[in-house]
Amino acid sequence: MRRLCFTSILLVFILCACASSPSGPKGSVRIGAMKGATTIGLVGFIEEAASNVNFEIVAPAEIVPLLVRGELDMAAIPANQAAALYNSTNGGVCVIAINTLGLTYILETGNEIQTIQNLRGKTIVATGKSTPAEITLRHILKENGIDPDKDLTLEFKSEPAEAVAYLKQNGGVAMLPQPFATTAMDNVEGLREVLDLTAEWEKLGSSGTLVIGVFVARAEFLEVNPDDVAYIIEQYKKSVSWVNENPAEAAPLVEKHGIAQADVAERAIPKCNVTYIGGAEMKQMLEAYLNVLYESDPKSVGGALPGDDFYHVR
């Protein structure tokens, strides 16, 4: 019965998409995505895509070289990576939309942390050293009067599984993104979510909100194929809406494409902040976030803030 329900809902999604959109782009479109949360919003689109829309879901290290070589036309990638790619290719990519907002959480096995101030004196096990995850945490701590180098200890692991193994043996406090945070809570007895770093970031006021993932296009492809890009945008929007409204039905597709197990995905999707924000709102939100990254570590965005041509607002 559950499989029949999922199949029926997916069929409705496909039929609605086809009824309100052209049968597909005029030419071939190659779209890349990573095995992570920034791909969750795409899974409905991947399932019903026209035959000339080809998706490649690859490891994070592979996606930028594919874009640089022109082997992908569009891709879902981290926001700071998009800025760095813009700088390294002399404006060779443009951001079409924000596709993922903040999805990082503080977890603990005890019952001591209710506010950011309670992190003083703690050891925080985390992943993502020298990435926006670390910059985000350091920014929040500093804005709350906590010196991340003196008032607590940051202990970085190479991957979430290593952090989970540490917590199982030692307990304590961790910083993890979704869906890994949900997986950790399933595997570590007593581990609970205590702080949402997106909410903590937004409490600061002047820093806007966290922008984790974006959808980009090669500037050359965008210029030559505006109608195809418009088609992709509409299908992506439909997919995001469907995923957010139907996490139980989207979850098996998340597992199918190697992102997370279905039972984890179903519970994690509401916390992953999957979205589709384009136009002037996208530009305003992304600029504010990249400014914070740049002020903290210019290298995190490729050494310079992108120009206005980075933002596709039409």
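1. Leaving aside its neighbours within four places in sequence, with which residues is Leu290 in contact? They are Ala79, Asn80, Ala83, Val301, Leu305, Pro306, Phe310 and Tyr311, where contact means heavy atoms within 4.5 Å.

2. Basis of the note. The model is predicted, so local features need pLDDT of at least 70 and side-chain atom pairs count only at pLDDT 80 or more, while totals for chains, interfaces and linings use all residues. Residues are numbered from 1 along each chain as its sequence is written, and side-chain values use heavy atoms, with hydrogens and water left out.

3. Overall form. The protein has 13 helices and 11 strands; these are DSSP runs numbered from the N terminus, helices being H or I of at least four residues and strands E of at least two. Its radius of gyration is 20 Å, which agrees with the value near 20 Å for a compact globule of 314 residues. That radius is taken over C-alpha atoms, and the globule rule is 2.2 Å times the number of residues to the power 0.38. Along the principal axes, the C-alpha atoms fill a box of roughly 60 × 50 × 30 Å. Of the contacts with a separation of 6 or more, 78% are between residues 24 or more positions apart.

4. The six-stranded sheet. Six strands form an open sheet in the order E2-E1-E3-E10-E4-E11, with mixed pairing; two strands pair if DSSP finds at least two bridges between them. Strand E2 (53-58) and strand E11 (274-278) are the edge strands, each pairing on one side only. From one strand to the next, the twist averages 25°. Within this sheet, strand E3 (residues 74-78) and strand E10 (residues 211-218) run antiparallel and are joined by five bridges. Val216 in E10 is the bridge partner of Ala75.

5. Helix H4 (residues 79-88) lies across strand E1 (29-34), E3, strand E4 (93-101) and E10, at about 115° to E3. Such angles run from 0 to 180 degrees between N-to-C directions, and the axes are lines fitted to C-alpha atoms, for helices over the stretch in contact. Helix H10 (residues 226-245) also packs on the sheet, touching E1, E2, E3, E4, E10 and E11, and its direction makes about 145° with that of E11.

6. The five-stranded sheet. A further open sheet has five strands in the order E7-E6-E8-E5-E9, again with mixed pairing. Strand E7 (153-157) and strand E9 (192-196) stand at the edges with a single partner strand each, so one side of each has no neighbour in the sheet. Direction ignored, neighbouring strands of this sheet are turned by 30° against each other on average. Strand E6 (residues 123-127) pairs with strand E8 (residues 173-177) in the parallel sense over three bridges, and Ile124 stands opposite Val173 in E8. Helix H7 (residues 180-187) lies across E5, E8 and E9, running at about 135° to E8.

7. A nonpolar core is a set of buried Ala, Val, Leu, Ile, Met, Phe, Trp, Tyr and Cys residues joined through side-chain atoms within 4.5 Å. The largest has 52 residues, and Leu290 and Phe310 are among those with the most contacts inside it. Helix H13 (residues 279-296) gives the most to this core, with seven residues. A second, separate core of 42 residues includes Leu42, Phe45, Ala250 and Val254.

8. Salt bridges. The structure holds 18 salt bridges, each a side-chain nitrogen of Lys or Arg within 4 Å of a carboxyl oxygen of Asp or Glu. Glu134 bridges to Arg138, the closest N and O atoms being 2.9 Å apart. Both residues lie in helix H5 (residues 132-143), four residues apart, about one turn of the helix, and Glu134 is buried at 8% relative accessible area.

9. Further charged pairs. Glu200 and Lys203 meet in a salt bridge of 3.1 Å, N to O, and both lie in helix H8 (residues 197-203), three residues apart. Glu200 is buried at 9%, whereas Lys203 is exposed at 62%. Salt bridges that share partners also join Arg30, Asp73, Arg218 and Glu220 into one network.

Key. Buried means under 20% relative accessible area, exposed over 50%, partly exposed in between (1.4 Å probe, protein chains only).
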